[in-house]
Amino acid sequence: MSGLLCFASGYAVTSGLVFASSEALFKRSALQAERSLSEALLSPINQKEEYRMKLHELTIHKAHGLLKKKEISSVQITRAVLDRIDAVDKKVSAYITVAGDTAMKQAELADKAISKGESRPLTGIPLAIKDLICTKGIKTTCASRILENFVPPYDATVIQKLKKEGAVIIGKMNMDEFAMGSSNENSGFKLTYNPWDLARIPGGSSGGSAAAVVADMCLGALGSDTGGSIRQPASHCSVVGMKPTYGRVSRFGLVAFASSLDQIGPLTKDVTDCAILLNAVSGFDNNDSTSVPKDVPDYTDALQQGLRGITVGIVREYGATKGLDPDVSYAVNNAVEVIENLGAKCIEVSLPHTEHAVAAYYVIAPAEASSNLARYDGVKYGFRDKEKTDLMDMYKSTRSKGFGPEVQRRIIIGTYCLSAGYYDAYYAKASQVRTLIMEDFKKAFDSCDVILCPVAPTPAFKIGENIDDPLTMYLSDIFTLSANLAGIPGMSVPCGFSKEGLPIGLQIMGSHFGEEKILKVGYNFEQATDFHKKKPIS
């Protein structure tokens, strides 16, 4: 059967994926679900804390319902989340900064607003923020020594929107330094551990956000996605992660990595919460020149039962991916079967320039990074090597000590690609390939509503396993980075577990501003399965 993508309906599509039956997968998943995946972590502190410990397990929409009825308070939820962080984060290490005092004050204000009948979907909800989104009065470090003590004097637009909604900012999350990485091993401060297996990576670069969501150390989180940095950790941690269309969410106040690729998005416990959080942060912003002046729908309206009339595309070229783990193939096949059985029609689509996506991305992204990170010179703000008295020595020493090895590697690559005599050969050529990839997606979406594929070629790997092999690390983004190059939205939803009990995600991609269709497909799949209900920590 090698070389065939087989569907339950009886037709076959040329591909390199070999799928197992959904019955076998469900039996295997059921057995895996019975396994204890939380032995290394902490149980609830004591019986007296049982009620409080349950509060941190709430989804955003369930918490909102209880808050609106005044059955619980934001102060209670926030205190429960802070207690959960105290109990669990010493093992997971997801937070860089916990803003406990600020969070409690925000919770008190939220309770006052609720008492006046001014409750919104995020009022009083404790949320975590990736540490490259500016938060006024709270350190924003980008997990880098060069910004170790930087406290922004303003809020990013998405933070302004969350505060307007009455949300509670619980803290800032660990990440790969300046969002450069796929494993969270490139943080300048510490490692974050996958709550499903503390010996494994949580994914990156938004690994802290994903780990905190699945470990119930927040009710939802914001991350950023430059080449898969929301979707990949969402897959590895079994949460929902959405990369919106480029320009749908303002980037004002997002510390730039690659400006034409970066996008802020939500990580949540289920698809409903994803829609709620996306509602709050989406919309045009005059402060962001790339923000698109397009009306924002109510994304929760897309959460409707039934997929009749929806056509899903299966990419021929993705099946030939080298290194694709058999467990990932099985889980994705199962998801395709479930979605087809819910009424969707499956067809084959082609993205012929897929094989060039990784090469194009790793020219464009480092080139933009080398330009964006030139501002960190020790003069205006951030770390400065004060021992150096010569200006050029100070520049070199500050950047050598302030930036980690992966950031330095990408600056060097990017500077080389933009240098005289090489720009046309590398950056210009990569930009041309990017245009071809955009056209591939445009043509594919002429015949389908969404595309289904894996998020990552393997489940989460062990910490340190690939750290000295940058090429292998870069290839872990092979299924995600095309969406960034094309500027289209994509979402990861939990769709299964490996033989070792490690989470696997299904990626759903849509056309520009096609978030509603993505959410509808993800919601229906979620309602038909229970993968999103599995938790690593009791």
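**Entry 1: a pair to start with.** I looked up Lys163 and found it partly exposed, at 35% relative accessibility. I keep in mind that this is a predicted model. The partner of Lys163 is Asp155, and the two form a salt bridge whose closest N and O atoms are 2.8 Å apart. Asp155 itself counts as buried, at 10% relative accessibility.

Entry 2: How many salt bridges does the structure hold? I noted 20, and I followed up a few of them.

Lys499 and Asp327 form one, with 2.9 Å between the closest N and O atoms. Lys499 sits in the loop between strand E12 (490-497) and strand E13 (503-510), while Asp327 belongs to helix H10 (residues 326-341), so this pair ties together parts that are 172 residues apart in sequence. I then asked myself about cover: is Lys499 buried or exposed? Lys499 counts as exposed, at 52% relative accessibility. Asp327 is buried, with a relative accessible area of 7%.

Glu406 and Arg409 also meet through their side chains, at 2.2 Å from N to O. Glu406 is buried, at 8% relative accessible area, and Arg409 is partly exposed, at 32%.

I also wrote down a network of salt bridges that links Asp197, Arg200 and Glu500.

**Entry 3: the largest pocket.** I went to the pockets next. The largest pocket holds about 720 Å³ of space. Its lining has 34 residues, and nearest the centre I found Lys322, Pro457, Thr472, Leu475 and Ser476. Which helices each supply at least two residues of that lining? They are helix H8 (231-237), helix H11 (357-372) and helix H15 (470-475). I sorted the lining of the largest pocket by class and got 16 nonpolar, 10 polar and 8 charged residues.

**Entry 4: the second largest pocket.** This one has about 380 Å³ of space. There are 15 lining residues, and Thr59, Lys62, Asp270, His532 and Lys533 lie nearest the centre. Helix H3 (60-68) and helix H17 (515-528) are the elements that give two or more residues to this lining. How do the residues of the lining of the second largest pocket divide? I got 1 nonpolar, 6 polar and 8 charged.

**Entry 5: cavities.** I found 3 cavities of 30 Å³ or more. I opened up the second largest cavity, which has about 60 Å³ of space. Its lining is made by Ala179, Gly181, Ser182, Gly227, Ser229, Phe257, Tyr361, Tyr362, Arg410 and Asp477. These divide into 4 nonpolar, 4 polar and 2 charged residues.

Entry 6: Tyr416, Tyr422 and Tyr426 make a nonpolar surface patch of about 280 Å². I checked one of them, Tyr422, and placed it in the loop between helix H13 (405-418) and helix H14 (424-444). Tyr422 is partly exposed because its relative accessible area is 34%, which lies between the 20% and 50% limits.

**Entry 7: a buried aspartate.** Asp225 belongs to the loop between strand E6 (220-224) and H8. How accessible is Asp225? At 0% relative accessibility, Asp225 counts as buried. I also took a distance: Asp225 and Gly241 are 16 residues apart in sequence, and their C-alpha atoms are 9.7 Å apart in space.

- Gly204 and Ser205 are joined by a cis peptide bond with omega of about 5°. Ser205 lies in the loop between strand E5 (168-173) and helix H7 (207-214).
- Lys70 is not a glycine, yet its phi is positive, at about 65°. I located Lys70 in the loop between H3 and helix H4 (74-92), and at 52% relative accessibility it counts as exposed.
- Ala143 has a positive phi as well, near 55°. Ala143 is in the loop between strand E4 (126-130) and helix H6 (157-165). Is Ala143 buried or exposed? Ala143 counts as buried, at 0% relative accessibility.

Technical notes: Residues are numbered from 1 along each chain as its sequence is written. This is a predicted model: local features need pLDDT of at least 70, side-chain atom pairs count only at pLDDT 80 or more; totals for chains, interfaces and linings use all residues. Side-chain values use heavy atoms; hydrogens and water are left out. On a 1 Å grid over the protein atoms alone, a cavity is a set of points where a 1.4 Å probe fits but cannot get out, and a pocket is an open set with protein on both sides within 12 Å along at least five of seven lines; lining residues have an atom within 4 Å of a point. Grid points are joined across faces, edges and corners, and a volume is the space filled by probe spheres set on the points. Helices (H or I, at least four residues) and strands (E, at least two) are DSSP runs, numbered from the N terminus. Ala, Val, Leu, Ile, Met, Phe, Trp, Tyr, Cys and Pro count as nonpolar, Asp, Glu, Lys and Arg as charged, and the others, Gly among them, as polar. Patches are made of residues with over 30% relative accessible area and no salt bridge: like charges are joined within 9 Å, nonpolar side chains (Val, Leu, Ile, Met, Phe, Trp, Tyr) within 5 Å. Accessible areas come from the Shrake-Rupley method with a 1.4 Å probe; for residues, only the protein chains shown count as cover. A salt bridge is a side-chain nitrogen of Lys or Arg within 4 Å of a carboxyl oxygen of Asp or Glu. Buried means under 20% relative accessible area, exposed over 50%, partly exposed in between (1.4 Å probe, protein chains only).
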